[in-house]
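Work through the exercises below with the sequence and the 3D view side by side. Try each task before you read its solution.

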Amino acid sequence: MTDTFRLCQHNIGPTSYYNTRGKDNKMLFIDSDKSFRNIKNYMRNCEYQADIYTIQELQNGNQRESGYLSVDGINYEYEYNPTGKNDYYINNSHGISKDPKTIPHGCAIIYNTDKFNYINTYTNFSTKELGKRASPWVLLEEKITKQLYAVISLHSLIVSPLTKMKLNRLSNLFDSLFSQMDKIDLRHENIRFIIGTDLNINLFNPDLEINVKDSSQVSSRDIKEVQKGIDEEMRYFRESLEDFEMNCELNNDIYTNYGGTEDNIFYDCIDFIFKSKYLQTYEVSYGFNYIGTLPNYGDLEFLVNDFDHTAIYSLVGN
């Protein structure tokens, strides 16, 4: 094997914990105001080394930014865009805070500058949805082969409740994604795409029935119409990947999202690495997630096994 590099796709949001307060007795915690799931903490705690990371729910603030860092002698640069937020309770020597702290998070591309030359960044802010749900596109040149790659980190929408508004937003998101890819493809000859994503739905076998219980305020007629529309959007996504000569060589029978209940440890395959079919996959592995029933606070190690999603690592090459 020559000219290989490693990809890592990971939604790094934490799992919830049992507690006597909070909705359904589940809460999100941080040890102190400074225990953020940011780029520096994640990269220094991550046991697995990759050359390109596509990350979601990274806590790097509420402003888009670019930057660099060095970890174990390897130099990285990154592009980050805020996409959401979560409420966390502070747990320190004073006990658990009475009120939660709202912490923004977002999507990032992190890449090894010893492996790749930075070429350009394409933002998505002119699009209706993509600018709110993804990192910028980062155009990279592999130093050995001079092959160009356009890489994005995407955190798709949760489809429940099954409303027409949610369906319209999903449709706009996917239209924005592939429209932007068209524009990049026209600008660069022989470009290859990489999409790392928490898609929030199984692309190959979407189970929309699990979302019906969260749609109690929606009429049964509208639910069926929205379900049909989402099925069509999933088909459009799969066909668009084929149009851009991309594939997914992962095992979609592996459940990647922690369920958070006593009887439902993990559910569904919703995290993916989509890439050019001309980029051969040599290895795929999964890990660094919590396994078991919903834990008590203190059972897990910060940024070691306290993740809500499974990381996906892939060794690829030309």
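## Exercise 1: A residue and its core

Leaving aside neighbours within four places in sequence, Ile 195 is in contact with Trp 137, Ile 152, Leu 154, Leu 177, Met 181, Leu 241, Met 246, Phe 272, Ile 273 and Phe 274. Find which residues have the most contacts inside the largest nonpolar core, and which elements supply that core.

Solution. Bear in mind from the start that this is a predicted model.
- Step one: the largest nonpolar core has 39 residues, and those with the most contacts inside it are Trp 137, Leu 177, Ile 195 and Ile 230.
- Step two: at least two residues of this core come from each of β11, β12, α3, β13, α4 (220–243) and β17 (271–276), while the largest share, eight residues, is supplied by α3.
- Step three: apart from this core lies another, of 22 residues, which includes Ile 39, Ala 108, Leu 303 and Ala 311.

## Exercise 2: The sheet and its helix

State the order of the strands in the open sheet of six strands, and explain why one side of β10 and of β14 is left without a neighbour in the sheet.

Solution. 
- Step one: the strands of this open sheet follow the order β10-β11-β12-β13-β17-β14, and their pairing is mixed.
- Step two: β10 (116–122) and β14 (246–247) stand at the edges and have a single partner strand each, so one side of each has no neighbour in the sheet.
- Step three: helix α3 (residues 164–187) packs on the sheet, where it touches β10, β11, β12, β13 (192–198) and β14, and its direction makes about 160 degrees with that of β13.
- Step four: within the sheet, strands β11 (residues 137–142) and β12 (residues 148–155) run antiparallel and are joined by four bridges, with Leu 140 standing opposite Tyr 149 in β12.

## Exercise 3: Two aromatic pairs

Decide whether the pair of Tyr 42 and Phe 307 is stacked or edge-to-face, and do likewise for Phe 178 and Phe 244.

Solution. 
- Step one: the ring centres of Tyr 42 and Phe 307 are 6.2 Å apart and their planes stand at 80 degrees, so this pair is edge-to-face, given that planes over 60 degrees apart count as such.
- Step two: Tyr 42 belongs to helix α1 (residues 39–45) and Phe 307 to the loop between β18 (280–287) and β19 (311–317), so that the pair links parts of the chain 265 residues apart.
- Step three: Phe 178 and Phe 244 also lie 6.2 Å centre to centre, but with 20 degrees between the planes they form a stacked pair.
- Step four: because Phe 178 lies in helix α3 and Phe 244 in the loop between α4 and β14, the pair ties together parts 66 residues apart in sequence.
- Step five: Phe 178 is buried, with a relative accessible area of 3%, and Phe 244 counts as buried at 14%.

Key. Residues numbered from 1 in each chain as written. Predicted model: local features only at pLDDT ≥ 70, side-chain atom pairs only at ≥ 80, totals over all residues. Heavy atoms only, no water. Pairing = 2+ DSSP bridges. Contact = heavy atoms within 4.5 Å. Axes fitted to C-alpha atoms, helices over the stretch in contact; angles between N-to-C directions. Core = buried A, V, L, I, M, F, W, Y, C linked by side-chain atoms within 4.5 Å. Buried < 20%, exposed > 50% of the residue type's maximum accessible area, 1.4 Å probe, protein only. Phe/Tyr/Trp six-rings, centres within 6.5 Å; stacked < 30°, edge-to-face > 60°.
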